[in-house]
Amino acid sequence: CLIGAHDALRERAGMLLSPPLRAQHDQFVLEVRTAMAEETYTAARTAGEAMPLEEAIAVATNVLAIIAEPDSQTITPPESAHRGLSRREVEVLRLIAVGSSNRQIAHDLFLSPRTVERHIANIYLKIDVHTKAEASAYARRQHLA
């Protein structure tokens, strides 16, 4: 997911890679893609592209800590990356976590109430919860709220 976060943040900042760095980057991406199933890579990259800067920094810091002391920690990717939450589902989950009603979520995100209900049902399935309280707790654990 860090590849997606890096590319999205670099693109938003309008930064270009020099030819040697571009070659290194492309080689690294090729190695990662080769090591993963295509759908896994695509899901992780998409999650990374949607990742806020603070979350990308936290994930990168966690990875660096593991590289420095491999036996001391485990990688904790953002749940949205491995649970397959879409950008919109993350937005809905964040609003659930702050106590918004379905009607408020629909209003805030310019969605129909039925679409909000569908997003919530998908979120519950993906993160394996059954209530808004459980979803809120999950969002807090993942630093989404």
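Before you click on anything, one term: contact, or touching, means heavy atoms within 4.5 Å. With that in hand, select Ile 105, which touches Val 92, Leu 95, Ile 96, Ser 100 and Val 116, not counting residues up to four places away in sequence.

A quick note on what you're looking at. This is a predicted model, in which local features need pLDDT of at least 70 and side-chain atom pairs count only at pLDDT 80 or more, while totals for chains, interfaces and linings use all residues. Residues are numbered from 1 along each chain as its sequence is written, and side-chain values use heavy atoms, with hydrogens and water left out.

**Stop 1: the whole chain**

Switch to a cartoon view. How many helices and strands are there in the protein chain? You'll find nine helices and zero strands, where helices (H or I, at least four residues) and strands (E, at least two) are DSSP runs, numbered from the N terminus. Read along the sequence, the pattern is α-α-α-α-α-α-α-α-α.

Now try colouring by accessibility. Of the 145 residues in the protein chain, 34% are buried; buried means under 20% relative accessible area, exposed over 50%, and partly exposed in between (1.4 Å probe, protein chains only). As for contacts between residues at least 6 apart in sequence, 61% of them join residues at least 24 apart.

**Stop 2: helix 1 against helix 2**

Select residues 2-13 for helix 1 and residues 19-35 for helix 2. Two packed helices are described by the angle between their axes and the distance between the axes. Here the axes come within 12 Å and cross at roughly 150°. Those axes are lines fitted to C-alpha atoms, for helices over the stretch in contact, and angles run from 0 to 180 degrees between N-to-C directions.

Helix 1 passes helix 2 in a left-handed crossing: the near helix is turned anticlockwise from the far one by less than a right angle (clockwise would be right-handed).

Next, show side chains. On the helix 1 side, pick Ile 3, His 6, Asp 7 and Arg 10; they meet Arg 22, His 25, Phe 28, Val 29 and Val 32 in helix 2. The residues of this contact divide into four nonpolar, two polar and three charged. In that tally, Ala, Val, Leu, Ile, Met, Phe, Trp, Tyr, Cys and Pro count as nonpolar, Asp, Glu, Lys and Arg as charged, and the others, Gly among them, as polar.

**Stop 3**

Is Asp 7 buried or exposed? Asp 7 counts as buried because its relative accessible area is 9%. Its side chain makes a polar contact with the side chain of Arg 45 at 2.7 Å. A polar contact is a pair of N or O atoms within 3.5 Å; within protein, one must be able to donate a hydrogen and the other to accept it, and residues adjacent in sequence count only if both atoms are side-chain atoms. Leaving out residues up to four places away in sequence, Asp 7 touches His 25 and Arg 45.

Now jump to Glu 89 in helix 6. Glu 89 is buried too, with 4% relative accessibility. A 2.8 Å polar contact joins its side chain to that of Lys 126.

**Stop 4: the nonpolar core**

In soluble globular proteins, nonpolar side chains tend to be buried together. Here the largest nonpolar core has 20 residues, and those with the most contacts inside it are Val 92, Leu 93, Ile 105, Ile 127 and Ala 135. Such a core is a set of buried Ala, Val, Leu, Ile, Met, Phe, Trp, Tyr and Cys residues joined through side-chain atoms within 4.5 Å.

Select helix 6 (87-97), helix 7 (102-109), helix 8 (113-127) and helix 9 (132-141): each supplies at least two residues of this core. Helix 6 gives the largest share, six residues.

Back to Ile 105, in helix 7. Ile 105 is buried, at 0% relative accessible area. Its C-alpha atom is 6.8 Å from that of Val 92, 13 residues apart along the chain.

**Stop 5: out to the loops**

Pick Phe 110 in the loop between helix 7 and helix 8. Its phi is near 55°, a positive value in a residue other than glycine, and Phe 110 is exposed at 77%.

Finish on Asp 128, in the loop between helix 8 and helix 9. Asp 128 has a positive phi of about 60° although it is not a glycine, and it is exposed, with a relative accessible area of 58%.
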